[in-house]
Amino acid sequence: MSKQGLRDSSVPYIPLPQNPNHQNVIVSLVYYHRPYQTNHYLRRGVIFAGVLLLLSATILFFYPSDPILKLARIRLNHVGVISSPKLTIDLSFSLTISVRNRDFFSLDYEKLVVSVGYRGKELGVVNSEGGRVRARGRSYVNATLDLNGFEVVHDVIYLIEDWAKGVIPFDTTTKVNGVLGLCFLKIPLKSR
């Protein structure tokens, strides 16, 4: 077949018109979110944020903080001087300590023993027989401080040196028997 025959036997070709006003149109489907599905995600996010905020506030309120202690009254009970083998002093004091408790729990104790040390040596013991430290308030605790074998020459020089620095590094070990109160809960507390 010749070229002329191919043209006649096929479907006639008509060129597209050259129209300058011709516009292309794109059709896209619009996807609508269901209103309850969007609110569901928003509600879940708000609930999660609220629970996280409530948990953070609970931890902040119930996390224990250090009480503020101030010596309200001191009275000398006994003085003893020992000259052999080293010059030492035995002292006994009656103390009243003001305790400012900022926490939401109280402490009812039967016995409180605090061992006081200075520069690796035990200086004495603070004893308190029964008392109560109120929650979110101020309490007064009576105690007895017994300093046994305080070496006058050796310890006083270091004590004055530390006092000049502004910090006296006492070491303490506390033993307490009592009940920790949190709202209506009573938690037994015993340390050795």
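Which residue in the turn of the hairpin formed by S3 and S4 has a positive phi? The legends below answer this and describe a predicted model, in which local features need pLDDT of at least 70, side-chain atom pairs count only at pLDDT 80 or more, and totals for chains, interfaces and linings use all residues. Residues are numbered from 1 along each chain as its sequence is written, and side-chain values use heavy atoms, with hydrogens and water left out.

**View 1. The hairpin of S3 and S4.** Arg119 is the turn residue with a positive phi, about 55°, and 2 residues lie between the strands. Strands are DSSP runs (E, at least two residues), numbered from the N terminus. S3 and S4 pair in the antiparallel sense over 11 bridges; pairing requires at least two DSSP bridges between two strands. Tyr118 stands opposite Lys121 in S4.

**View 2. The largest pocket.** This pocket holds about 1,200 Å³ of space. A pocket is an open set of points on a 1 Å grid over the protein atoms alone, where a 1.4 Å probe fits, with protein on both sides within 12 Å along at least five of seven lines; lining residues have an atom within 4 Å of a point. Of the 37 lining residues, the closest to the centre are Leu69, Ile97, Val99, Leu112 and Val114. S3 supplies the largest share of the lining, 8 residues.

**View 3. A charge over a ring.** The charged end of Arg136 sits over the ring of Phe104, 4.8 Å from its centre. The rule requires NZ of Lys or CZ of Arg within 6 Å of the ring centre and within 35 degrees of the ring normal.

Terms used. Grid points are joined across faces, edges and corners, and a volume is the space filled by probe spheres set on the points. Helices (H or I, at least four residues) and strands (E, at least two) are DSSP runs, numbered from the N terminus.
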